[in-house]
Amino acid sequence: MSLSEQDQFLSYNGEVLVFQLSKPRHAEEADDKTMNLCVRRMAFNRHTKLFVQKSSGVFSIGASHSKIEIICCSCTTDSRTGIILPCILMKKKKRNSIKYFVLLLHSSNKFEQSFYFKLDYELKEDIRLFAGPSVLWRHANKLFYISSNTCVVQSAPVQLSSVVWTGEIVGEGTVVLGIRTACLPETEDADGFSVSDRAIWGSEFFGYAIQTQKMLTGTCFMPHAYSRVVSSVYICKTDRLKKQLRISLVAITQKNQLIWFQSGVPKGVCELPYEKPCLVKTAVTSSNDLLFVVSFASGNSCVIQRRDSLQVASKWQKVKCVLVDDFIGSGSEQLLLLFKDDSNTDVLSTFKITDLGEVNYASDINYKHDVPAAEGLRENGLLTVRALERRLQAGWTSVRELQQHLGLQKRVILESCRALVDLVEERTHILPNAKEVKCRRWARSLRNAAKPFEGLVSLWDDVENPPHSLSKELSLASKVPEHFTEELWQRVVGDSLVVGVKLAESFYLSLSDVSLSLVMDQDFSSISPIIKCQSKIIKLNKAFSALAVSSSQIEPPPKKMKLDLHSKNDLRKEFPKRSSRIQLDRAKTVTAVAFTSLSPLLVFHRVCCVVLLHARKQNQKNDSLQHSKKITVVCGKIFLSLEDISNGRYSVKMLRDNSYCTGSVEDILAVLAVSVRFSFQIVSSDCTLTPVSSWLLGELECTPFKECQDNIFCHKAGNVHGTIFNWTLKNPFEGVLTIFCRNLTVLFQCLHSLTRVLPPSCSVKFLRSGSKAILSEQLALALEKEMLTLKNSLFLKDTKAENHLIWGNESGKDISNAPLASLLDTEEGVQRFRKDFQNEREESVQSLNQTMNGALYQKMALKIAEALLTSDMVVWRLS
């Protein structure tokens, strides 16, 4: 496809978009009444080192007795979705009218006409596209703009001679930086230098915020003395310090200079190699170098690097256009230079991709030397096949070993479940011997294993610690108060069974790491009686104005480790005491909740489950986790049948009653247990957040609970029904919205509905669970424990009985205290002295080569890993 002078190039997500106007192929059938706007998506192929077409799209425009032109194109933000899309401004000129229309290009190559407007004059000066999409231009020294939201041409109350920059500034919205005739005040103010400067040069810089219609001081950009020579500006960075706007920018001047400004003060200058610079843009390369790309009216371009000083790094001639993007997919930006080539009219035929470093691709470079020879390919292929065969064999061996390990693991888990059931029923558990193990059905799958079956043995040493199994657990359970639970209840929410235990406050104060588990009371020989469930602790304060839900935190995926079996619960239960102590001062009811999938239990039609409570009982003298004892308490039994569920016996009932939601405490707790909590901080800088309350009570049809009016229940039909909200205002402009929803789909629906009622200037930030103060305190404790663990492992006592350290020869004796001269007088004395000296030397060498028992080293390494993992998890939650 040949190119014309009106063709436009635009970079978007590493691709090059080529916009071209052409007539339909069957022009005689169309009777010259239509014109096609074609787009081609071109992507760089790193193998062929050429640009190839990925896709294309066409938009037909009625062109009866009209002239169609492409004015400009840019990437702008669609205010409806917040997505950056390619935007094209078109002109359709008839005899007596001029129509301009704005098109948006979607990822499916479909064009969408955003809006259009008509003028009685042509746009020629300072035409810009910005977010909305919106169009801005200058005509007769006045500033005009139109957006897709209003579709009405508006004028700004300013007179200006040129526009040098248009873009977004944080806190101000879209800002236009222009130059106008100086407006001198009648009296001299504190900014005397600025007044005299404007009086000398007769012009000044000014900034105009379109959304707020506010004027910005021009001296925060650059001194007014440069207003007569600056032709284009690029703002690199903006921030605020004590409500003072600080801006870092570069400007090109008619004196063929590039000047670097910081907070209105020039910091560097560079002489440009060509005349009439017209545009400047930036690029950040893989080496974090900031490059300034300057284009000239003559068709030349140059790149300026900013290191110790501003200096010209490279320059090119006969450049059609310069694009900045990640064209090769390296994660950093490169420059794409398209050169003018009269001999070749193909799209992107003559180009150069460079970052002034390692990346350097050009259309005139021969890359044949990069392709290996055919013989080398065959040899490499043979070596690769052999290596893959070896890896395949090693993989099969690993699979067989893993199958054997899983079979043994299944045996251990099933036998542990039986032992737990016996413990709950206060029966003495007897381990099976090897013959009984062989006869079981679940062991037949391992009949062809390489090793014979071993009989299961106790995990504890029965000779040294005989009372640790059943008698110790019963003695520990006997110390538990009789009325530690006030209520045992169950609910069915969707496909989840929720079981709750209401704990007495006096009993809970002495516990930590509280969780529940369910054990089926039936005797099933082929399945595990342990039901997989998740536990939460829900505390209700005295006023019942808020619900505090603390659940086990899921650790970040990069930090997951496989630890020993007996330590898997310690990671999630490391610091519950300090975080709960803050809320227990005003706690009235503490409920432990466990929920599990309901459908697998309904296979048995009727199920009886024993509810167990697991916790650590704190020592009253020392409340550290090292001095706490693990206890398991039987809370009672629950019965579940398909008939009860069909009759709605355990269903959650949330009804409206005089603008309130009637639901029992157990119903509220059940909904919270199966819901996922998300908190968002909403900040509005321009207006108050009253639309949030109206949105909750109006569009979502929410009603507050009678007992806790801060929490409201959504009655709206659809997926959002049953969602619980908590809206807390810190001040009229800032609040925290907490959403308890079933899944992410409901969350996205709520947020999508919320964004339509919030003002555009609002910012919504996701808050991770946990108070910052509590997490900081937990991090300090985690680091302290990590330090103590490392210290204890490094400074072990060198005694056999305590740490099982094995030293060398300990039978060595000191050299005799007899006088040295008397020993050396005789040959026998010399031999004795030599022997004693040799023994002492061997003893000192052996004492340096101390070794450690393998079990002790494994235990010590496990403790260090647990401490490191705990501190890393707290850091992740705090970040």
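## Briefing on selected local features

Val 399 has a relative accessibility of 36% and is therefore classed as partly exposed, since that class lies between the buried limit of under 20% and the exposed limit of over 50%. The model is predicted.

**Nonpolar surface patch**
- Val 399 belongs to helix H3, which spans residues 374-424.
- Together with Leu 392 and Trp 396, Val 399 makes up a nonpolar patch on the surface.
- The accessible area of Leu 392, Trp 396 and Val 399 together comes to about 320 Å².

**Packing of helices H10 and H11**
- Helix H10 covers residues 690-699 and helix H11 covers residues 744-755; the two pack with their axes 10 Å apart.
- The angle between H10 and H11 is about 120°, and the pair is therefore oblique, because the roughly perpendicular range ends at 115 degrees and roughly antiparallel applies only over 145.
- The crossing in which H10 passes H11 is right-handed.

- Between Pro 223 and Phe 261 the C-alpha to C-alpha distance is 9.5 Å, while their separation in sequence is 38 residues.

**Cis peptide bond**
- The peptide bond between Gly 132 and Pro 133 is cis, with omega at about 0°.
- Pro 133 is located in the loop between strand S9 (125-130) and strand S10 (134-139).

**Positive phi at residues other than glycine**
- Asn 109 is not a glycine, yet its phi is positive, at about 65°.
- The loop between strand S7 (98-105) and strand S8 (111-119) holds Asn 109.
- Asn 109 has a relative accessibility of 8% and therefore counts as buried.
- Lys 276, also a residue other than glycine, has a positive phi near 60°.
- The position of Lys 276 is in the loop between strand S20 (265-271) and strand S21 (277-284).
- Lys 276 has a relative accessible area of 61% and is therefore exposed, as the limit for that class is over 50%.
- Asn 109 is thus buried, whereas Lys 276 is exposed.

Key:
Residues numbered from 1 in each chain as written. Predicted model: local features only at pLDDT ≥ 70, side-chain atom pairs only at ≥ 80, totals over all residues. Heavy atoms only, no water. Patch = residues over 30% accessible without salt bridge, like charges linked within 9 Å, V, L, I, M, F, W, Y side chains within 5 Å. Areas by Shrake-Rupley, 256 points an atom, 1.4 Å probe, with all protein chains shown as cover. Salt bridge = Lys/Arg side-chain N within 4 Å of Asp/Glu carboxyl O. Helix = DSSP H or I, 4+ residues; strand = E, 2+ residues; numbered from the N terminus. Buried < 20%, exposed > 50% of the residue type's maximum accessible area, 1.4 Å probe, protein only. Axes fitted to C-alpha atoms, helices over the stretch in contact; angles between N-to-C directions. Parallel < 35°, antiparallel > 145°, perpendicular 65-115°, else oblique. Left-handed = near helix turned anticlockwise from the far one by under 90°.
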